[in-house]
Amino acid sequence: MKMVRISLVIVVICIGYTLFYFNQYHIEDERASIQSNLTEWENSGTGEEIKLDVIEVTQLDNTNSYIVLFETDNKNIGYAHFLKGWNGHFKIELSGHGTNVVSYEEIKTNNGMYRILVGKNPDFKIDHITAKSINEEFSFTSNVSKDEKFVKYKKLPSDLKQTFPADLTFFDENKNIIQNP
């Protein structure tokens, strides 16, 4: 009788956890579902109506992390960090948008830390961007010459301790620095 009770408790806990998990990872792996859930997420608690358009979804190497690049109705670029669960569905981890042409962010994945550049390239003026850490000997350069809007990323070496913030330098095709892209 005691074994039946223990088994019943274990079954109830497993069912509870499964329901909890599926409730968290409920966003289908399709553009319409990603966009509608992200729109709801962005509008929750803001008191304003933000409309957005998903531009691309980029998986960070072989991790369960995906970066969703989007544009708001007032032409600001934003990104969201989505996690993919073992059920093949997503949950939103975080998001942000603003008036910066390019944002440099740190993303923690199930396979280490990544740095991402998200943004837009007005009139294709920017050829490449270099992100150089202020506190560590780390930098990376990304070519964006053919990208109107982009997500670029680089996995960080595991021995780095503090790679944020970073200085971003924008270059044109002649390797001249662009002050205000």
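Me: How many salt bridges does the structure hold?
Reply: This is a predicted model, in which local features need pLDDT of at least 70, side-chain atom pairs count only at pLDDT 80 or more, and totals for chains, interfaces and linings use all residues. Residues are numbered from 1 along each chain as its sequence is written, and side-chain values use heavy atoms, with hydrogens and water left out. A salt bridge means a side-chain nitrogen of Lys or Arg within 4 Å of a carboxyl oxygen of Asp or Glu. The number of salt bridges held here is six.

Me: Which residue forms a salt bridge with Arg31?
Reply: Side chains of opposite charge can pair when their charged atoms come close. For Arg31, the closest N and O atoms of the pair are 3.2 Å apart. The partner is Asp53.

Me: How many residues apart are Arg31 and Asp53?
Reply: Helices (H or I, at least four residues) and strands (E, at least two) are DSSP runs, numbered from the N terminus. Arg31 lies in helix 2 (residues 31-43), and Asp53 in strand 1 (residues 52-59). The pair links distant parts of the chain, and its separation in residues is 22.

Me: Is Arg115 buried or exposed?
Reply: Arg115 meets Glu106 in a salt bridge of 2.9 Å, N to O. Buried means under 20% relative accessible area, exposed over 50%, and partly exposed in between (1.4 Å probe, protein chains only). Glu106, at 37%, is partly exposed. Arg115 has a relative accessibility of 0%, so Arg115 counts as buried.

Me: What is the relative accessible area of Lys91?
Reply: Lys91 forms a salt bridge with Glu93, their closest N and O atoms being 4.0 Å apart. Glu93 is partly exposed, at 37%. Lys91 is buried, with a relative accessible area of 17%.
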